[in-house]
Amino acid sequence: MFQHAHNLFLFFLNSAFATASGSIDSICLRTGNTALSDNVLVNCDDVLSSIETITQSFGGSTSFGGAVLSAIDGEAYTHASKQYASAVVATAPSYIVQATKQTDVQAAVMFAAHCEYKVTARSGGHSYIGSSSCDGSQVPCIQIDVGNISHIEVTELPTGSNQVEVGPGVQLVDLYPVLMDNDLYIPAGECGGVGVGGFGHFGRSLGRFNSHVAAFDIVLADGSLVTVSSPQNKVSSKLNDDIWYAVIGGASGSFGVIVDTTFNPVKESDHFAFSWRSNTTKHSIKNMLEEYAKMLTNEDFINDLRWNIVFTLNGAKTLLFQQLGPHAFNSYKIHFNWVAPGASNRTQSFSEAQAIFDRLFNAYTFQGNDSMCITLDQHFEALGVPQLKTRFSSTYATASDLKSISELHKDVILVDWGSLRLEERGIPLKSSYQQGPKYPSSDDLLKLFDLTDVLVPTDQQRDERFLIAQIGAPPGTSNTIGNVAQPFQDDVFGFVVDVWSFDGADYSQHQHELQDLVISSVGGIDHRVFWAAYEDTCLECGASGKYYESQSKYDRLRS
């Protein structure tokens, strides 16, 4: 969940236009929905020249600044079409338009509408179900790639506050250094190489990423460019409010192509944070989960929005064996982050945070050969492998550590999963995410851990898979966004599991068992989110109840 905010502005539209069916994996334009004037000549068999002609019709010195690729372009096309889901769904558009500015996007949309091409839009390409691409062998389609629209601008307002404007191609690894330089922060996910967005390790305290959106520029189905602002920011219109409602948390496609987003960031001076991370072992992490479940029975603890806790299982033995040989290992990890108001006493806040972390950390015990009651960096030091100690170190906060929240996010939270090159290698992936409005019991948390742990490879040569799973608390009721389509804002528990199969083995049944266990443990409720959509995503066919808490919320999107 927390690393997998995988694209996405949660609101970024990976597929551009909705059909009446409401399916988020079958999206197309209505015939004739175009703003082209009659004197603009378009040849549907010549995409590049037609897009150039449309762009020139905008007037002035406007010209097409991008590129158009198709299968005849060989390796360039193959590379551009690869994305997160390529190993499990067809990601082979008829054409890929690589846009560099908003007019490129407008021209591509107008061409697609005129020539009856389905449109999808891609920023980071990390849609679990491949909704940021399409299959040209099934229906003529164009993927508009906005990854090169990657500007970042920080503006100081007359009030003294700041806003941050970013293009849809900006990645988290690019954003946080800019935020650090300006003493600002926006909570987001942990995958450094994906599009800006998500909710992550500070989200319980500071909200979802899209709760900080102030406005966005969107290209609609007729090619028009519209600036949409939060209804809280100005006197708004029905069109403004309807698009705002639909895009913030709506389906992963349907309403337009985002070309610019403006955020209201958090001032670093308004908060300070401490961050602990411990790489530990299976039995130790189970004891921590059991202690965590006890803590979740205390209302004062639940209502304290300063803590953010995530448990991670990394089944990396197979993958790391290729790089590290006999030192390859699996990792069981706890992330503990504490965010306090800037006016708080730093020493006292640290003591309160330390007391909670120590309660979890002290749950370490010696149980079996697997458990060492030490962290992995200590283990590697004892083995005489200091380079691994550096790479997989545990970090601990101190009262005198004055790192900003953006620094902590960049240095402790962000992970470069792209370096594993899983997409390039075409390794099949099974992913799912569930969340719910109640915390599981201790027994259910341990059952969930054990069922997940079965997927952790134990033989680096025989168990040919790579696992990432996380247990934690998504942003809750204190961080609701308001009148938007964002579903399940009251949920307090989330679980994500991704399994890459090197040998093509199918883990669907095991994932179904995990999903059923999560659903049972949160009160029999099946809540999903669009960035991690899986299985049947046809909303009109009955899936809407899994993605929206009410029929009226879904119906408003369709109207």
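What follows is a tour of a sheet, its helices and the cysteines.

One thing before we start: this is a predicted model. Let's begin with the sheet. Its 6 strands form an open arrangement, and if you trace across, the order is β12-β14-β13-β16-β17-β15, with antiparallel pairing. Which strands stand at the edges? Those are β12 (271-280) and β15 (429-436); each has a single partner strand, so one side of each is left without a neighbour in the sheet. On average, neighbouring strands are turned by 10° against each other, if you ignore direction.

Now zoom in on one pairing. Strands β16 (residues 465-472) and β17 (residues 493-501) run antiparallel and are joined by 8 bridges. If you want a landmark there, find Ile471, which stands opposite Phe495 in β17.

Next, look at what lies across the sheet. Helix α10 (residues 346-361) lies across β12, β13 (307-315) and β14 (331-341), and runs at about 20° to β12. Helix α13 (residues 405-413) lies across β12 and β14, running at about 15° to β12.

Two other helices are worth a look as a pair. Two packed helices are described by the angle between their axes and the distance between the axes. For α14 (residues 442-453) and α15 (residues 508-521), the axes come within 10 Å and cross at roughly 170°. Angles over 145 degrees count as roughly antiparallel, and α14 and α15 are therefore roughly antiparallel to each other. Who meets whom? From α14 come Asp444, Lys447, Leu448, Leu451 and Thr452, and they meet His510, Glu513, Leu514, Leu517, Val518 and Ser521 in α15. Sorted by class, this contact has 5 nonpolar, 3 polar and 3 charged residues.

Finally, the cysteines. How many disulfides does a search of the whole structure find? It finds 2. One is formed by Cys44 and Cys115, with sulfur atoms 2.0 Å apart. Cys44 lies in the segment before α1 (47-56) while Cys115 lies in helix α3 (residues 102-115), so the pair ties together parts that are 71 residues apart in sequence. The link of Cys44 and Cys115 is left-handed, with -85° about the S-S bond. Cys44 counts as partly exposed because its relative accessibility is 29%, and Cys115, at 13%, counts as buried.

Cys134 and Cys141 also form a disulfide, with their sulfur atoms 2.3 Å apart. Their link is right-handed, with 95° about the S-S bond, and both Cys134 and Cys141 are buried. Cys191 is buried as well, at a relative accessible area of 4%.

Terms used: Residues numbered from 1 in each chain as written. Predicted model: local features only at pLDDT ≥ 70, side-chain atom pairs only at ≥ 80, totals over all residues. Heavy atoms only, no water. Axes fitted to C-alpha atoms, helices over the stretch in contact; angles between N-to-C directions. Helix = DSSP H or I, 4+ residues; strand = E, 2+ residues; numbered from the N terminus. Parallel < 35°, antiparallel > 145°, perpendicular 65-115°, else oblique. Contact = heavy atoms within 4.5 Å. Nonpolar A, V, L, I, M, F, W, Y, C, P; charged D, E, K, R; others polar. Pairing = 2+ DSSP bridges. Disulfide = S-S within 2.5 Å. Buried < 20%, exposed > 50% of the residue type's maximum accessible area, 1.4 Å probe, protein only.
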